[in-house]
Amino acid sequence: MNYLSAENISRNLGERWVFKGLFFGLQKGEKVALIGKNGTGKTTLMESLMGMQTPDEGNISIRKGIRVGYLPQNPIFAENEQVLNYLFSDDLPSAVAIKSYEKAMLSGDSKELEDAFALMEAHNAWDYEARAKQIISRLGIPDGDQKVSTLSGGQKKRLSLAKLLIESPDIMILDEPTNHLDIETIEWLEGIMSGPNVTVLVVSHDRYFLDKVCNKMMELADGSIYTYEGNYAYFLEKKAEREASDASSVSKAKNLYRKELEWMRKQPKARGTKSQSRIDAFYETEEKAHKKLDDSKLELNIQMSRLGNKIIEINHLKKAWGDKKIINDFTYTFKKKDRIGIVGKNGAGKTTFLQLLTGLEQPDSGTIDPGETLVVGYYTQIPFDFRPEQRVIDTITEIAEVIPYGKNESLSPSQFLSKFLFPTAQQYTPVEKLSGGEKKRLQLMRVLVKNPNFLILDEPTNDLDLDTLQLLEDFLTEFQGCLLLVSHDRYFMDNLVDQLILVEGEGEVKFFNGNYTDYRIALENKEDEPAAKQSPVKAPSTAAPSTPKGPKLSFKEQKEFEELEKEMAALEIEKDSFVEKLNQGSDDFQLLTDWAKAVEDIKNKLEEKELRWLELSERA
């Protein structure tokens with residue numbers, strides 16, 4: 001069943017066409033990822049679908065009776081809005097009943113409570129309330145009578161997401177829904193989004209989230225839409241093929257254009273006698289030959305300041321906010337090339353820990369002793385402050401007039417900005433005109449321009465496009481200094497860190513040797529954490545980990561172990577056959593959808609069997 005259709009829609013923002021002549025639709029139960037570089041118009045497209053912007057051409061139609069909900073990247077709230085009033089708007093009778101009930105519970109008035117109870121019964125709102133409370137609890141929404149204006153940016157984003165999930169619209173349009181969520185909550189959200197009757201259009205940089213939830217990729221590039229049936233890995237493969245094909249087509253068109261241009265220039269007075277079809281073909285070739293391919297690449301080749309033997313020594317660190325313990329007796333000496341991720345629920349104290357290291361917060365007791373050669377680059381979740389009239393280039397020149405770059409090379413601020421995909425014309429525009437992702441990219445530049453040798457990154461992936469994210473990941477992989485990373489992006493974390501600091505709340509801090517997936521496997525197998533150490537935390541041992549002790553395999557388990565290997569091999573063959581069918585393509589849309597779903601189901605089965613095989617192999 002078709003829920004939403006966009007027919008020949010175009011949007012012009014004065015200087016350029018953001019997109020032109022787009023055709024696409026959303027079917028019931030589809031989960032579509034909208035992908036594109038920062039500034040290509042993803043947010044503009046979503047706001048057009050929501051009626052917040054009006055397309056300059058074309059039509060957008062939504063099936064009668066279908067409710068659409070939108071999670072913006074940066075939610076805007078009415079002044080003096082209260083949390084409870086925002087969560088339960090007056091659009092739905094069940095929401096009105098719950099709001100009355102919650103207010104009566106807060107007031108304690110028996111008559112008011114009796115009336116509210118009757119209203120709940122009349123609208124059968126108890127199930128609705130139970131779901132709402134689960135969502136509110138999971139997302140850590142504050143008290144209902146609190147004013148929204150007092151909340152942090154992350155709390156506001158979670159509040160907006162909670163409202164959307166409570167209202168459960170037929171179509172959910174989501175702009176970076178995983179920002180400001182901890183990893184456990186993201187995994188919970190994946191379960192909701194994966195429901196068979198949930199229809200989703202989502203912009204996200206989280207590759208694990210895209211692979212888990214989405215069965216269709218829609219790329220916005222060069223003002224056009226390119227659609228791929230399958231997961232994110234399949235999209236990357238097909239995108240590379242499309243770009244290679246486009247480059248080949250443009251090259252051929254340029255060669256043909258040169259020949260046809262010579263023909264067009266001959267005997268201009270007699271052009272009327274020339275073949276009209278060949279003239280028309282010339283103009284088509286001209287357009288193709290002049291097509292501008294987007295081959296711009298972000299360049300990260302930052303010179304690192306020399307790092308001495310002493311980096312940071314932390315001894316018996318303690319910090320609390322009132323009665324809430326954040327860190328209790330933490331001791332650790334950072335070593336060269338440490339690559340550590342910090343994991344913990346929202347509010348556990350991850351950001352506070354980073355602020356202690358950078359001197360933005362002071363410990364209650366204990367010491368933080370930095371080395372003399374230490375140069376810290378601290379990327380925070382909080383956007384940097386800029387003056388309304390401040391231009392993009394001004395944000396760099398106020399830090400440095402000359403930037404060391406690569407080996408024996410230096411750049412001007414303008415050249416440095418060009419390396420970060422800010423063309424000359426854009427460098428002299430006000431910062432406030434940049435998209436959310438472009439502002440984040442500029443913020444990252446301001447950190448790297450100081451040539452740090454110790455990078456502390458607090459949620460660096462928020463609002464960055466996937467291409468920029470991949471290049472940042474490549475740069476950090478080669479970075480020779482120390483890396484301390486807080487990120488809810490599990491793919492990003494898995495590829496960059498080999499140790500975790502687990503901030504578990506109530507001052508409890510542990511070390512784990514391994515990345516996030518290693519940690520999740522350990523939890524799922526209900527093992528004790530052999531690499532975890534209770535505070536005070538000391539440097540993890542570099543010795544080989546001991547083999548976990550456990551009972552040997554029973555005869556039945558030994559047979560299961562042998563069968564699992566055969567079953568996994570068979571599933572791999574079956575998966576490859578469906579991938580091959582997808583690669584060959586089909587005019588039957590339903591058939592393509594079924595094949596993509598089959599690949600996803602097989603991957604899930606493989607993952608389950610691999611986890612079981614790992615568990616048995618450790619005891620075999």
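Ground rule for the tour: rings of Phe, Tyr and Trp (its six-membered ring) pair if their centres lie within 6.5 Å, and planes under 30 degrees apart count as stacked, over 60 as edge-to-face and the rest as tilted. That rule gives 12 aromatic pairs here.

Start by selecting Phe77 and Tyr86: the ring centres are 4.8 Å apart and the planes sit at 65 degrees, so this pair is edge-to-face. Colour by accessibility next, where buried means under 20% relative accessible area, exposed over 50%, and partly exposed in between (1.4 Å probe, protein chains only). Phe77 is buried at 17%, and Tyr86 is buried at 15%.

Before moving on, a word on what you're looking at. This is a predicted model, with residues numbered from 1 along each chain as its sequence is written. Local features need pLDDT of at least 70, side-chain atom pairs count only at pLDDT 80 or more, totals for chains, interfaces and linings use all residues, and side-chain values use heavy atoms, leaving out hydrogens and water.

Now pick Trp17: Lys20 lies over its face, 3.8 Å from the ring centre.

Jump to Phe416 and Phe420, a tilted pair with 5.2 Å between centres and 55 degrees between planes. Phe416 is buried at 0% relative accessible area, and Phe420 is buried at 0% too.

Last stop: select Tyr332, Phe334, Phe454 and Phe511, which form one aromatic cluster.

How values were computed: Lys NZ or Arg CZ within 6 Å of the ring centre and 35° of its normal.
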